[in-house]
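Trainee: I would like to get to know this structure step by step. Could we go through it together?
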Amino acid sequence: FGMSGEHNLAAEQAARLIGSPQQAGDDSPMGTTGSNKGLNSTVNSTGMDSGLMSKGGGSSSSSLAFGGMSVGITGPTNARATLERRIQLGGATPVNVLNNSPFPSNYVSTTKYEPWNIVPKNLWEQFHRVANIWFLIVSIFQMLPLELSPTNKYATFFPLCCVLFLTFCKDAYEDYGRRREDRHVNNQICMALDASDLQGKPVKWKDVTAGSYLLIRRDEPVPADMVLLACSNEDGVAYVDTVQLDGESSLKPKFALEETMCITETTELFDLRGHLDTEPPNQLVQSFSGVLYLQGFPRGVPIDAKGFLLRGSTIRNTSWVYGLVVFTGVDTKIVQNWRKTPSKRSRVEVTANVLLMIVFALLLLAAAVSAMARALYVADGTVGAAMIFWAWPKPDPLRDNNFLAFITFMIAYNNLIPISLYVTTDLARTFQGLCMEWDLSMYHPETESSCHVKNSGLNEDLGQIEFVLTDKTGTLTENKMEFKACSINGKVYGRWDEQVGPVDYVAAVPPEHICCP
């Protein structure tokens with residue numbers, strides 16, 4: 001807003017009271033290189049311009065022009081409010097300095113059950129099956145002291161317990177496989193650096209703590225989320241493989257901090273003094289915000305995702321890297337994106353539940369019809385009533401109750417429901433899973449790994465593909481795709497050689513209604 005004359009005096013007084021923008025920037029606790037960009041707005045006689053500073057500070061500054069005079073206004077931003085974790089450099093105790101809360105261990109678990117909840121949780125999941133609920137209801141009716149069952153009172157209870165126990169053993173065995181893989185991952189070895197042992201010492205992944213320095217060599221996986229301090233390349237660029245995270249096989253560059261990229265010796269790492277302020281743990285794998293404050297540097301060093309290494313990535317084309325661990329265990333971004341192992345059900349099991357519901361409806365209908373027919377047959381003055389009186393001369397309210405007769409017929413027709421249906425399919429799936437693990441055609445000799453079945457309940461869903469989406473980026477070759485062969489509705493179009501793959505000669509072209517729907 002343009003002002004002149006008597007307004008200049010007020011502007012001069014305001015400038016002396018508030019101070020210049022340069023002084024406000026120097027006095028800010030975060031310096032002018034904070035992680036959050038400050039807002040620099042200028043109001044002049046022609047209008048208002050606002051933009052982002054190239055390197056924002058911890059305090060916002062605005063410059064107002066009154067008749068040719070600039071007045072600096074400063075105020076705190078929420079940059080420090082978003083940085084809730086502080087890690088002290090120098091191998092200190094892994095505790096958040098801001099609130100003295102300990103950081104979690106680097107142990108990671110993908111199991112579905114724990115020893116203290118495996119029995120109730122597994123039973124809860126098993127009784128999501130319609131047949132198990134039905135047999136439980138029938139077992140309760142059979143064991144009631146009303147003599148409603150035409151068979152033995154334990155005729156359904158014992159088979160139900162056997163079915164539940166066998167399914168429990170199958171689920172426990174699969175969860176033990178997950179626990180065994182977790183133990184293998186958590187017991188992997190990495191090189192941790194210590195002030196007392198500058199050569200480094202091997203530690204297990206589960207023993208890695210926040211604030212420790214790690215030495216990761218070529219083709220080694222990263223055990224925890226960490227900031228890249230230095231690497232073997234002179235330009236400070238390290239390359240990582242994130243195929244285990246996002247499926248992309250292309251290498252991604254990561255940049256070491258300019259203030260630490262020249263470090264080549266372990267002693268130089270432990271000469272660093274200061275602290276690192278970071279954002280709280282979150283699921284955003286493509287972003288990171290932090291500020292590194294080093295003794296001897298007047299301003300903080302901003303850190304973003306370009307200098308951040310994620311757990312699960314692998315170092316490639318780089319001899320070694322030095323990293324400062326930031327997030328461990330459940331705080332790492334990859335674990336933050338995990339979901340608890342769900343109870344998955346295949347299409348066959350869902351279809352079986354629907355069909356069993358239909359059978360239940362027919363069974364209840366048959367029991368109701370039988371109970372009504374009995375009520376009509378034994379009505380007063382009928383031949384049936386005389387026969388009932390001959391068999392039971394004394395009146396019995398339980399045997400004469402038509403509703404209880406409906407329950408008796410329901411128990412008698414209980415054999416229409418196959419009690420071994422679920423356990424039979426579970427055993428078949430388990431055997432199929434073992435066959436897949438023993439299949440030599442799915443063994444990879446380079447990594448000495450084979451197929452691992454983590455959940456045998458989805459075997460029948462394998463291979464049921466409705467759509468195939470392909471992509472060719474043309475990064476290394478021409479951005480060009482040629483038809484070789486395909487299979488549509490079980491019929492192969494093109495020519496496929498099992499030894500060399502698709503050949504150039506096309507034996508058959510798909511019909512027009514398939515090519516151009």
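Predicted model: local features only at pLDDT ≥ 70, side-chain atom pairs only at ≥ 80, totals over all residues.

Trainee: Then which residue is the bridge partner of Val240 in β13?
Mentor: The partner of Val240 there is Lys252. Strand β12, residues 237-241, is joined to β13 by four bridges, and the two run antiparallel.

Trainee: What is the strand order of the open sheet with three strands?
Mentor: The order is β13-β12-β18, and the pairing is antiparallel.

Trainee: Changing topic, how many residues does the largest nonpolar core have?
Mentor: It has 28 residues, and Tyr213, Leu269 and Tyr322 are among those with the most contacts inside it. Elements that each supply at least two of its residues include β10 (213-217), α8 (266-270) and β19 (320-327).

Trainee: Which element gives the most to this core?
Mentor: Strand β19 does, with five residues.

Trainee: What does Leu269 touch?
Mentor: Not counting residues up to four places away in sequence, Leu269 touches Leu193, Tyr213, Leu229, Ile263 and Tyr322. There is also a second, separate core of 19 residues, including Leu228 and Val325.

Trainee: Now the rings. How many aromatic pairs are found in the whole structure?
Mentor: The search finds 10. One of them is the tilted pair of Trp320 and Tyr322, at 4.9 Å centre to centre with 45 degrees between the planes. Both Trp320 and Tyr322 are buried. Elsewhere, ring pairs link Tyr154, Phe157 and Phe158 into a cluster.

Trainee: Last topic: where is Asp331 found?
Mentor: Asp331 lies in the loop between β19 and α9 (333-336).

Trainee: Why does Asp331 count as buried?
Mentor: Its relative accessibility is 11%, and buried means under 20%.

Trainee: With which side chain does the side chain of Asp331 make a polar contact?
Mentor: With that of Arg85, at 3.2 Å. Leaving aside neighbours within four places in sequence, Asp331 is in contact with Arg85, Pro104, Pro281 and Gln336.

Methods
Residues numbered from 1 in each chain as written. Heavy atoms only, no water. Core = buried A, V, L, I, M, F, W, Y, C linked by side-chain atoms within 4.5 Å. Buried < 20%, exposed > 50% of the residue type's maximum accessible area, 1.4 Å probe, protein only. Contact = heavy atoms within 4.5 Å. Polar contact = N/O pair within 3.5 Å; in protein donor to acceptor, adjacent residues only side chain to side chain. Pairing = 2+ DSSP bridges. Phe/Tyr/Trp six-rings, centres within 6.5 Å; stacked < 30°, edge-to-face > 60°.
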